[in-house]
Amino acid sequence: MNTEPSDRTRTAPVLVVGAGPVGLVVACDLMRQHIPVRIIDESPSATVHSRAVIMWPRSLELLRRIGVAHQLAQTGKHIDAVSFYSGERRLGAIEMSRLDDTPYPYGLCTPQWQTEDVIRKRLVELGGQVETEVSLVGLDNSGERPAATLRHADGSTEQVEAEWVVGADGAHSAVRELLGIEFQGRGADVLFAIGDGPLDGPLPPDEMVYCYTGGGAMGLAPFGDGTYRVACSVPVWNDEDAPPRELFQESLDRVVPFTARLGELKWTTVYRARRRTAATFRAGRCFLVGDAAHIFSAAGSQGMNTGIQDAVNLAWKLGGVIHGTVDAGVLDSYDPERRHSAERISLVTAKQTTWGLIDTPVRVAFRDAVVRGARRTGVLQRLVTPLMSQLSVDYAADRADAKVDVRWRDRPLRVGERLPVFVADQGAGPDGNDPWPTVAADGFSLLLWSGGRRGARWQSGVEAVRSALGSRCAVLDVSAWSVLRGSLGARPRAVVLRPDGHIAALESSVEPELLGRTLDRVGALTPAQEARG
């Protein structure tokens with residue numbers, strides 16, 4: 001076996017390390033922008049088992065960018081609600097089906113291998129291919145460009161000079177370790193046994209269920225074919241042993257308030273619910289995404305969804321910088337934006353885990369009273385649903401103004417928040433009745449909103465903006481879209497929208513010169529300008 005380094009030195013505009021769902025999304029989004037990507041993975045094949053099985057509405061919205069949202073939505077089981085039980089009492093539910101500002105008012109329960117298969121096929125359609133059994137064994141980030149050493153299955157090594165490196169290689173990230181980035185942790189590990197298998201009983205067919213008792217916690221999610229993801233808390237476990245069916249059945253009998261019989265499990269494992277965050281998500285031209293950047297409790301099934309948010313946040317910025325349509329300084333916002341979001345999710349999932357494992361009668365009674373009160377007042381639906389669906393992610397520059405990321409009342413949107421407009425879903429086909437405006441997938445869009453007072457003067461103003469700025473970004477008059485009234489209000493305004501659907505700037509005037517300065521401020525370059533970097 002040849003273990004000596006080869007004398008080959010190859011170049012790669014973008015090297016993506018790790019071909020799980022997050023790495024695949026980064027690669028697809030960049031290749032869709034006609035940026036060559038090399039994506040490697042140390043495993044010999046795609047994921048066989050499925051740690052991540054739930055995809056929330058915001059992830060599906062973002063996956064429209066790479067043309068797989070429609071196919072995934074047809075493939076998986078739709079989850080209309082997430083219910084919470086304490087003992088035999090149903091405390092309440094958050095109802096995804098009541099969401100009215102997304103094309104995807106549901107969660108999606110799909111095995112991870114199936115999600116990866118859909119995105120891998122899309123990668124191939126875009127001209128890409130995952131290189132399996134290729135490991136990153138060296139990374140020199142001291143020069144002008146990162147220099148990576150790759151080891152192949154036959155033991156040979158290869159030197160690669162990359163313009164950019166994206167570490168999507170999981171909790172034990174080689175990219176993170178080779179860059180010397182600390183993986184900072186908080187709190188003790190909590191253990192959960194998880195597995196997939198047939199479950200027979202009077203279970204709600206379209207709901208994800210969390211059950212809590214003084215003796216433990218359990219979560220159940222339907223795949224739609226009689227098979228469920230089952231997860232239960234365990235006090236201690238030997239990581240080398242797969243938990244048996246009997247462990248899950250005992251937990252079902254003890255924790256779940258309805259009779260359920262578990263069949264033969266397809267696979268099982270034990271998951272350690274750690275809280276870890278990388279000290280930085282960026283080191284020069286190297287970035288961390290997904291579990292390489294952050295891990296947290298599996299409660300709420302937020303891990304893969306948070307990673308997809310990372311992937312899209314980075315991909316549009318990196319693509320814009322490479323193409324010279326976005327100022328290179330925009331990349332500086334990746335770490336603070338995604339760190340804020342990841343830390344918020346980490347806190348929320350840690351609280352959910354802690355609350356689910358409460359075992360003293362007084363604290364259980366207090367928890368249950370709080371949840372029931374939140375259900376009766378509507379706070380449970382209004383607060384928790386946007387958090388779990390990740391529709392409330394906020395990239396406001398003022399972090400103190402966005403700690404909770406929840407819209408408590410109806411009001412016009414602010415800078416940093418998501419606007420319910422989306423790129424076209426390539427798989428859905430033409431639909432003349434689509435209620436959602438579609439915007440540019442690449443580069444900023446300038447949305448003009450009349451506030452209801454449209455006429456010749458307004459149309460003249462729109463044409464003036466198009467004439468002055470149309471070569472610089474997409475200019476869209478969205479005044480006819482009534483679905484935006486609750487978001488944009490009753491007065492005229494201009495919205496500079498990022499390619500990921502978040503608001504970059506808001507102006508109360510549609511004066512072209514002002515809007516040109518606003519585009520300068522957010523980093524939108526003119527076609528003649530070149531990216532600095």
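Q: Which way does α1 pass α4, left-handed or right-handed?
A: The crossing of α1 past α4 is left-handed. Keep in mind that this is a predicted model.

Q: At what angle do the axes of α1 and α4 cross?
A: Roughly 20 degrees. The two axes come within 10 Å. Helix α4 covers residues 112-125.

Q: Roughly parallel or roughly antiparallel, then?
A: Roughly parallel, because angles under 35 degrees count that way.

Q: Which residues of α1 meet α4?
A: Pro-21, Leu-24, Val-25, Ala-27, Cys-28 and Met-31. On the α4 side they meet Gln-112, Glu-116, Ile-119, Arg-120, Arg-122 and Leu-123.

Q: How do the residues of that contact divide into nonpolar, polar and charged?
A: Between α1 and α4, eight are nonpolar, one is polar and three are charged.

Q: Now α7. How do the axes of α1 and α7 cross?
A: At roughly 25 degrees, and the axes come within 9 Å. Helix α1 is residues 21-32, and α7 is residues 303-323. That angle makes α1 roughly parallel to α7.

Q: Is that one left-handed or right-handed?
A: Right-handed, for α1 passing α7.

Q: What does α1 put into the contact with α7?
A: Pro-21, Val-22, Val-25, Val-26, Asp-29 and Leu-30. Their partners in α7 include Met-304, Ile-308, Ala-311 and Leu-318. The residues of this contact with α7 divide into 11 nonpolar, two polar and one charged.

Q: Switching topic. Where is Arg-285?
A: In the loop between β20 (282-283) and β21 (286-288).

Q: Buried or exposed?
A: Arg-285 is buried, because its relative accessible area is 12% and the cut-off is under 20%.

Q: What lies 3.1 Å from a polar atom of the Arg-285 side chain?
A: The backbone oxygen of Glu-163.

Q: What's the phi of Glu-133?
A: Positive, about 55 degrees, although Glu-133 is not a glycine. Glu-133 lies in the loop between β8 (130-132) and β9 (135-140). Glu-133 is partly exposed, with a relative accessible area of 37%.

Q: And what phi does Gln-390 have?
A: Also a positive one, about 65 degrees, and Gln-390 is not a glycine either.

Q: Where does Gln-390 sit?
A: In the loop between α10 (379-389) and β23 (445-449).

Q: Is Gln-390 buried or exposed?
A: Buried, with a relative accessible area of 1%.

How values were computed:
Residues numbered from 1 in each chain as written. Predicted model: local features only at pLDDT ≥ 70, side-chain atom pairs only at ≥ 80, totals over all residues. Heavy atoms only, no water. Helix = DSSP H or I, 4+ residues; strand = E, 2+ residues; numbered from the N terminus. Buried < 20%, exposed > 50% of the residue type's maximum accessible area, 1.4 Å probe, protein only. Polar contact = N/O pair within 3.5 Å; in protein donor to acceptor, adjacent residues only side chain to side chain. Axes fitted to C-alpha atoms, helices over the stretch in contact; angles between N-to-C directions. Parallel < 35°, antiparallel > 145°, perpendicular 65-115°, else oblique. Left-handed = near helix turned anticlockwise from the far one by under 90°. Contact = heavy atoms within 4.5 Å. Nonpolar A, V, L, I, M, F, W, Y, C, P; charged D, E, K, R; others polar.
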